[in-house]
Amino acid sequence: MSLRIYGNRALKTLPGQATRPTSSRVREALFNIWQGTIANCHWLDLCAGSGAMGAEALCRGARYVVGIEQSARACAVIRQNWQKVAKDGQAFQVIQGDVVRQIKTLAGQSFDRIYFDPPYASELYEPVIATIAQYHLLAAQGELAVEHAPNHSAIPTPVSFEICRQKVYGNTALTFYSCRQVA
């Protein structure tokens with residue numbers, strides 16, 4: 001199976017719904033919102049699935065992309081996809097394992113853009129967002145976009161973050177967080 005991203009590039013995907021690729025409508029909306037901020041950024045893709053979001057970021061000029069995905073098979077597909085689209089001067093890393101455990105290995109790094117798309121019914125929202133805040137993984141001027149069901153009950157917001165916008169696209173919602181600015 002395959003899906004298409006920016007520049008009409010085809011990416012491999014795993015068969016079935018195991019990796020649930022973000023719809024093209026939501027991908028396009030997100031990259032329109034973040035237009036002009038992707039080139040040279042550091043991008044973190046959590047619950048990376050097929051790696052489509054990280055591949056889009058690479059196609060749009062991200063300097064460094066990290067993806068965390070639990071499935072070893074999906075990680076192999078992500079590596080193939082990212083190798084196919086990465087250009088000279090771009091780097092990427094694919095980390096296989098539990099997102100709550102693996103995100104801690106990124107301590108000391110910071111990311112301009114973070115995309116987090118866990119299975120909607122999972123219990124991952126609170127611990128992952130709290131870990132991003134605790135380890136200061138979101139750059140001071142960065143944004144975190146969290147994909148969830150529109151009817152998802154409120155996701156706890158760490159005190160160091162604030163919600164800067166929310167968008168709904170059919171059965172998908174995005175909540176955007178930024179670092180709370182200290183006055």
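Q: Which residue forms a salt bridge with Glu-56, and how far apart are the closest N and O atoms?
A: Arg-27 does, with the closest N and O atoms 3.3 Å apart. A salt bridge here is a side-chain nitrogen of Lys or Arg within 4 Å of a carboxyl oxygen of Asp or Glu.

Q: What kind of model is this, and which pLDDT cut-offs apply?
A: This is a predicted model: local features need pLDDT of at least 70, side-chain atom pairs count only at pLDDT 80 or more, and totals for chains, interfaces and linings use all residues. Residues are numbered from 1 along each chain as its sequence is written, and side-chain values use heavy atoms, with hydrogens and water left out.

Q: Back to salt bridges. How many are there in the whole structure?
A: A search of the whole structure finds four.

Q: Where do Arg-27 and Glu-56 lie?
A: Arg-27 is in helix 1 (residues 24-33) and Glu-56 is in helix 2 (residues 52-59), so their pair ties together parts 29 residues apart in sequence. Helices (H or I, at least four residues) and strands (E, at least two) are DSSP runs, numbered from the N terminus.

Q: Is Arg-27 buried or exposed?
A: Buried, at 5% relative accessibility. Glu-56 is buried too, at 4%. Buried means under 20% relative accessible area, exposed means over 50%, and partly exposed is in between (1.4 Å probe, protein chains only).

Q: What about Glu-162: which residue is its salt bridge partner?
A: Arg-180, with the closest N and O atoms 3.6 Å apart. Glu-162 is in strand 8 (residues 161-169), and Arg-180 is in the segment after strand 9 (172-179). The pair links distant parts of the chain, 18 residues apart. Glu-162 is partly exposed at 28%, and Arg-180 is partly exposed at 45%.

Q: Which residues do shared partners join into one network?
A: Arg-27, Glu-56 and Arg-60.

Q: New topic, Thr-131. Where is it found?
A: Thr-131 is in helix 5 (residues 125-134). Thr-131 is buried, with a relative accessible area of 6%.

Q: Which backbone oxygen lies 2.7 Å from a polar atom of its side chain?
A: That of Pro-127.

Q: And what does Thr-131 touch, not counting residues up to four places away in sequence?
A: Ile-103 and Lys-104. Contact means heavy atoms within 4.5 Å.

Note on methods: A polar contact is a pair of N or O atoms within 3.5 Å; within protein, one must be able to donate a hydrogen and the other to accept it, and residues adjacent in sequence count only if both atoms are side-chain atoms.
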